[in-house]
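Please have a look at the structure first.

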Amino acid sequence: MVINAAVHYACLAMMDLAIHGGVSNSGDSSGHHEVVPVRSSEIIRRNEIPGPYLVQILRTLKATGWIQAVRGSQGGYLLVVAPDSITLLDIAEAIGCPDSIEPARDDEPSAQRALKKHWRDADEQSRQQLARVRLGDVIRSVRESEEPMFYI
């Protein structure tokens, strides 16, 4: 399995929406909250993703139903599914993550067929690993690795 830049950027964008998107108190006494979308320019700045690339990725993620676009001056993007409901494999497959090598053909030399079998096994193992890791797991590991800042 080839983890290309698009898959990497898609995971970063989904994490950014999960971490920075959400609700803010609207300030009224009824306790209502309003949803705060994340602007693509903020995702680009925080994650150093090329802008045109991100637009394509967000379009694909929107088609999956995982994110929603909000129009208007306060618009942006929202993650509309729980981060624990999506695996890294789900994202890779949605964006398009090809196998690293084609299956062996019967007319190939036996050494090539044998080696390709091992590459395919490695592809399958990487798919299994990505299927075990949820987006929420990665977000939790980011939060755990951030050191608290102390100000004097």
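Predicted model: local features only at pLDDT ≥ 70, side-chain atom pairs only at ≥ 80, totals over all residues.

Lys116 is buried, with a relative accessible area of 13%, where buried means under 20% relative accessible area, exposed means over 50%, and partly exposed is in between, using a 1.4 Å probe and protein chains only. The residue sits in helix α5, which covers residues 110–132; helices here are DSSP runs of H or I with at least four residues, strands are runs of E with at least two, and both are numbered from the N terminus. Once its neighbours within four places in sequence are set aside, Lys116 is in contact with Ile101, Glu102, Pro103, Ala104 and Glu108, contact meaning heavy atoms within 4.5 Å.

Residues are numbered from 1 along each chain as its sequence is written, and side-chain values use heavy atoms, with hydrogens and water left out.

Now the overall layout. The protein has six helices and four strands, and reading along the sequence gives the pattern α-β-β-α-α-β-β-α-α-α. Of its 152 residues, 29% count as buried, and among contacts between residues at least 6 apart in sequence, 65% join residues at least 24 apart.

Another buried residue is Thr87, with a relative accessible area of 7%, and it is placed in the loop between β4 and α4, the latter being residues 88–95. Not counting residues up to four places away in sequence, Thr87 touches Leu130, Ala131, Val133 and Arg134.

Let me turn to the strands. Strand β3, residues 67–70, and strand β4, residues 76–79, pair in the antiparallel sense over four bridges, and two strands are taken to pair if DSSP finds at least two bridges between them. Across this pairing, Gln68 stands opposite Leu78, and Ala69 stands opposite Tyr77. The two strands form a hairpin with five residues between them, and in that turn Gly72 has a positive phi of about 110°.

Which residue has a positive phi although it is not a glycine? That is Glu48, at about 55°, and as background, most residues other than glycine have a negative phi. Glu48 is found in the loop between α2, residues 40–47, and α3, residues 51–64, and it is exposed, with a relative accessible area of 69%.

There is one aromatic pair in the structure. Its members are Tyr9 and Tyr53, arranged edge-to-face, at 5.4 Å centre to centre and with 80° between the planes; rings of Phe, Tyr and Trp (for Trp, its six-membered ring) pair if their centres lie within 6.5 Å, and planes under 30 degrees apart count as stacked, over 60 as edge-to-face and the rest as tilted. Tyr9 lies in helix α1 and Tyr53 in helix α3, so the pair ties together parts that are 44 residues apart in sequence. Tyr9 counts as buried at 17% relative accessibility, whereas Tyr53, at 29%, counts as partly exposed.

Leaving out residues up to four places away in sequence, Ala18 touches Leu79, Pro83, Ile139 and Arg143.

Finally, the largest pocket. Its lining consists of Leu12, Met15, Asp16, Ile19, His20, Arg46, Asn47, Val142, Arg143 and Glu146. On a 1 Å grid over the protein atoms alone, a pocket is an open set of points with protein on both sides within 12 Å along at least five of seven lines, a cavity is a set where a 1.4 Å probe fits but cannot get out, and lining residues have an atom within 4 Å of a point. The largest share of this lining, five residues, comes from α1.
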